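Colleague: I am new to reading models of this kind, and I would like to understand the words that are used to describe them. Could we look at one together and ask what lies behind each word?

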Amino acid sequence: MKKVWLVIPVFALSACVTINIYFPAAAAEKAADKIIEEVWQMQQSDKPAKPDVPAKSDVKETK
Amino acid sequence: MKHLFKNMLALMVLVATFNAFAAADLEVNTPAVNAIKASMQQRHAQLASYYDSGAVGLTINGMVALRDPGSVPLAARQTVNALVAAENQDREALYAEIANANAHPEWQAEIRNTFAQRWIQRAQRGWWVMSNNGWVQK
């Protein structure tokens, strides 16, 4: 029974290590897309182009 | 004794969750990565027309290559060659830098593969990309 307390920390430690050596494929894809968009200066399709909004006229100039 | 075991288990779950979160994002916001990105962004203005004409295409290993030298006027050929060489140097550096920024230099090949797929996937219609069977036009 006492052996269990030896095994658990070892398992916990090895879990930490294994999780981090896996290549995070989904995160890499997301990061790649972000960089590609910036380098190719792509506009995201879900964002419509900014309409030409005239300067706000309700802001009154105070002298 | 049972309580101790439960606590241990809870701690392990916590550690595993934290690690999963820590690994969920890839660090790409370093000065070196940003500098390479800016340089590539600037070069793209010149390269874009060569992608459009098919003179330059995207390769399967995340690089660019002069696909059709014949379509480039003789006077511009040297310029295109220099652009392609500089672009490939930046791309190589980009993949290495992202791997280093995440303290996993051994990820470089996987990062390159991921980028290769995404460059091709996101290439504009009409651009040439390399497939397993050679060059194809998107």
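Modeller: What follows is a set of questions about the words used for this predicted model, each answered by setting a value beside its cut-off.

Colleague: Let us begin with chain A, then; which elements of secondary structure does it have, and what share of its residues is buried?

Modeller: Chain A has two helices and zero strands, and of its 63 residues 10% are buried.

Colleague: What makes Ala28(A) count as buried or exposed?

Modeller: Ala28(A), which belongs to helix H2 of chain A (residues 25–39), has 22 other C-beta atoms within 10 Å. Because the word buried asks for 20 or more such atoms, Ala28(A) is buried. Once neighbours within four places in sequence are left aside, the contacts of Ala28(A) are Phe23(A) together with Leu26(B), Glu110(B), Ile111(B) and Thr114(B).

Colleague: Arg112(B) carries a charged side chain by class; what decides whether Arg112(B) is called buried or exposed?

Modeller: The count decides, and for Arg112(B), in helix H4 of chain B, there are 21 other C-beta atoms within 10 Å, so Arg112(B) is buried. Apart from neighbours within four places in sequence, Arg112(B) is in contact with Asn61(B), Gly62(B) and Tyr95(B). From Ala99(B), Arg112(B) is 13 residues away in sequence, and the two C-alpha atoms are 9.6 Å apart.

Colleague: Now for pairs of helices: why are H2(B) and H3(B) described with the word that they are given, when the angle is about 150°?

Modeller: Their axes are 10 Å apart and the packing angle is about 150°; since angles over 145 degrees count as roughly antiparallel, H2(B) and H3(B) are given that description. Their crossing is left-handed. On the side of H2(B) the contact includes Ile36(B), Leu47(B) and Tyr50(B), and on the side of H3(B) it includes Leu83(B), Leu94(B) and Ile98(B). By class, this contact has 13 nonpolar, two polar and four charged residues.

Colleague: What makes the pair H3(B) and H4(B) oblique?

Modeller: The axes of H3(B), residues 74–101, and H4(B), residues 108–122, come within 8 Å and cross at roughly 125°. That angle makes H3(B) oblique to H4(B), because roughly perpendicular ends at 115 degrees and roughly antiparallel needs an angle over 145. The crossing of these two helices is right-handed. Tyr95(B), Ala96(B), Ile98(B) and Ala99(B) of H3(B) meet Gln108(B), Ile111(B), Arg112(B) and Phe115(B) of H4(B), and these residues divide into six nonpolar, one polar and one charged.

Colleague: Why is the pair H2(A) and H2(B) called oblique as well?

Modeller: The axes of H2(A) and H2(B) come within 8 Å and cross at roughly 45°. Roughly parallel needs an angle under 35 degrees and roughly perpendicular begins at 65, so H2(A) and H2(B) are oblique to each other. The contact joins Ile35(A), Glu38(A) and Val39(A) to Lys37(B), Met40(B), Gln41(B) and His44(B), and by class it has three nonpolar, two polar and two charged residues.

Colleague: Lastly, which residues touch the most other members of the largest nonpolar core?

Modeller: That core has 30 residues, and those touching the most other members are Ala31(A), Tyr50(B), Val56(B), Tyr95(B), Ile98(B), Ile111(B) and Phe115(B). At least two residues each come from H2 of chain A and from H2, strand E1, H3 and H4 of chain B, while H3(B) gives the largest share, six residues. Ala31(A), apart from residues up to four places away in sequence, touches Leu26(B) and Val28(B). In soluble globular proteins, nonpolar side chains tend to be buried together.

Methods
Residues numbered from 1 in each chain as written. Chains lettered and ligands numbered in written order. Predicted model: local features only at pLDDT ≥ 70, side-chain atom pairs only at ≥ 80, totals over all residues. Axes fitted to C-alpha atoms, helices over the stretch in contact; angles between N-to-C directions. Helix = DSSP H or I, 4+ residues; strand = E, 2+ residues; numbered from the N terminus. Left-handed = near helix turned anticlockwise from the far one by under 90°. Contact = placed C-beta atoms within 7 Å. Nonpolar A, V, L, I, M, F, W, Y, C, P; charged D, E, K, R; others polar. Buried ≥ 20, exposed ≤ 12 C-beta atoms within 10 Å, placed from the backbone. Core = buried A, V, L, I, M, F, W, Y, C linked by C-beta atoms within 7 Å.
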